[in-house]
Amino acid sequence: MVEKWILQTKKAEFDEIAKKFNINPVVARVIRNRDVEGDEAIAEYLSTDINNLSSPWKFKDMDKAVDILKIKIAGENKIRIISDYDVDGICSGYILSKALSNLGADVDVVVPHRVNDGYGINESLIKDAKDAGVDTIVTCDNGIAATEQVDYAKSLGMTVIITDHHEVPFVEDGGEKKYVVPNADAVINHKQNDCEYPFKDLCGAMVAYQFMRALYESMDENPKNLESLLVYGAMATVCDVVPLKGENRTIVKTGLELIKTTKDVGINALMDACKISKDSIGSYHFGFILGPCLNASGRLDTAKRAVDLLNETDREKAMASARKLKELNDERKDITENGAKEAIEMAKDSEDKILVLYLPNCHESVAGIIAGRVKEQYNKPTIVLVDSEDCVKGSGRSIDEYDMYENLSKVKDLFLKFGGHKMAAGLSIEKDNIDELRTRLNDSCELSDEDLMKKIWVDCELPFKFATFGLFNDLKKLEPFGVGNKKPIFAGKNIRVNRMKILGKEGKAIRLEMVDESGFKMQGIMFNKSKRFMSFLQKKFGQDEIDKAMKGEDNEIKIMLLYYPNVNEFNGREYLQLIIESFC
């Protein structure tokens, strides 16, 4: 994979902004690079006040949905929530059930089984609900593509409310898109063209949260009583990889503060099982530790385990459940590693711009994670397909330049079922159609070679002397980082390496002692890039120079690097170091 470094050159009065908002001018530049302009937008970006969340009443059908639930709660009708089995679905279901239970509703949650039920609501789940005396079904993180299923529920005399955030399905008629919305009693999804909710990137859990916020307002309950549930909206936002900008950034920042004081037994048990300190918790822990533990239940067992943990009030039972989820996640990691190695090797020599990889023996639950790994390795849209019980199932992950949902829609005649959004999708297909899928996606692909280069947007060149504790602390004001609000990246050129040391038993990290053009010294560290870095040095400078650097002797190694300043603590003392992201 070829990298392309692009230096951002957006203009603004950086010194003036820095003075007005009491921040480092470098940070003012970073904010401008995130397309945040004007005093009001900058103030909102820096403050992330949850009170600035848009009114839930701006959702299409919100008034209908609220009126329906008020009647159902008053009539003591049985309400069933049907969620998805991933983190967003689990958190969506928990938010709805917790909020409705507090209002006295007769409510329960059913999470489809990944293998037995597949994604979303289906006729079997609807029939089970009807047989159980359920009057009203509320979907969360699914349902927008369930036209036939909703019709079936309506034929049984049931009430259906859809809450979802996925793209609305469409058919093309004469080159024009005609959107197909299920005939539910209410459909709350901001992706509908005629929905006036201004922020279009909420995850499913936050759609559910806004629904409950409107219901509480309508029933004269204090919506502030819901704010503790923002912990789960924040976790789902990070794990569903929706852009961390606008309302999403506010949600995650608020959720990270709230989790430090949460009294919820289940999530506290999971943090303890994963040895996470509340004081240092960040979006990384949501996305790569806590979220995957919840996800693992739906991948390898049943997501009901995760739902039960979040609802648990007994500390000992919660700890037992949390430890089991962690064990499942550890097992999932092993399965993923094996599958990812196979897929990366399979894609190594492929000239296809759209990778369609068939791994018949891989566990279907990790197909999406593996697709993401391959996409990161080669910067190509990737679909990983695996054998399922009666067909082949798959998950896709995309790059910014390729709208996966849009392009899969063009070949939907090949699918038994599919859905998703620009950056990710899920599908079911007959095995005989795999080659045709690969051929048609690549034949219609308009990606250029430049599109397939991994683009790294550099905020600015930053000599070492400007990488200070003050800059580090000001950069923390821009967190949380992620998709849509990328961690700042800085460039240093003509960096001389004084000394190198390989760290760890497996040698996956390298510590560098460096000096820049001005003679300013700095320590740097790079993780999981040691093989690539040593190969680069070997080709460019030779083994003799590497040996000199390893001994701390004068050498000819001089590089350009991309980095982020970080504070490390050792023996009770804090010092600055550079996290090296890339090099040339």
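Contact, as the word is used here, means heavy atoms within 4.5 Å. The structure is a predicted model, in which local features need pLDDT of at least 70 and side-chain atom pairs count only at pLDDT 80 or more, while totals for chains, interfaces and linings use all residues. Residues are numbered from 1 along each chain as its sequence is written, and side-chain values use heavy atoms, with hydrogens and water left out.

Under that definition, and leaving aside neighbours within four places in sequence, Ala467 is in contact with Leu462, Met522, Tyr563, Pro565, Leu576 and Leu578. Ala467 sits in the loop between strand 15 (460-461) and helix 18 (469-476), where helices (H or I, at least four residues) and strands (E, at least two) are DSSP runs numbered from the N terminus. Ile267 lies 200 residues from Ala467 along the chain, and the C-alpha atoms of the two are separated by 36 Å.

| Residue | Relative accessible area | Class |
|---|---|---|
| Ser92 | 0% | buried |
| Ala467 | 4% | buried |
| Lys375 | 16% | buried |

Lys375 belongs to helix 15 (residues 367-378), and its contacts, apart from neighbours within four places in sequence, are with Lys380, Thr382, Arg397, Ser398 and Ile399.

Ser92 is placed in helix 5 (residues 87-102), and a polar atom of its side chain lies 2.5 Å from the backbone oxygen of Asp88. Not counting residues up to four places away in sequence, Ser92 touches Cys140, Asp141, Gly204, Ala205 and Ala208.

Helix 5 also packs against helix 8 (residues 204-218), and their axes, which are lines fitted to C-alpha atoms over the stretch in contact, with angles from 0 to 180 degrees between N-to-C directions, come within 7 Å and cross at roughly 15°. The two helices are therefore roughly parallel to each other, a class that covers angles under 35 degrees, as against over 145 for roughly antiparallel, 65 to 115 for roughly perpendicular and the rest for oblique. The contact is made by Asp88, Cys91, Ser92, Ile95, Leu96, Ala99, Leu100 and Asn102 of helix 5 and by Gly204, Ala205, Ala208, Tyr209, Phe211, Met212, Leu215 and Tyr216 of helix 8. These residues divide into 12 nonpolar, three polar and one charged, where Ala, Val, Leu, Ile, Met, Phe, Trp, Tyr, Cys and Pro count as nonpolar, Asp, Glu, Lys and Arg as charged, and the others, Gly among them, as polar.

How values were computed:
Buried < 20%, exposed > 50% of the residue type's maximum accessible area, 1.4 Å probe, protein only. Polar contact = N/O pair within 3.5 Å; in protein donor to acceptor, adjacent residues only side chain to side chain.
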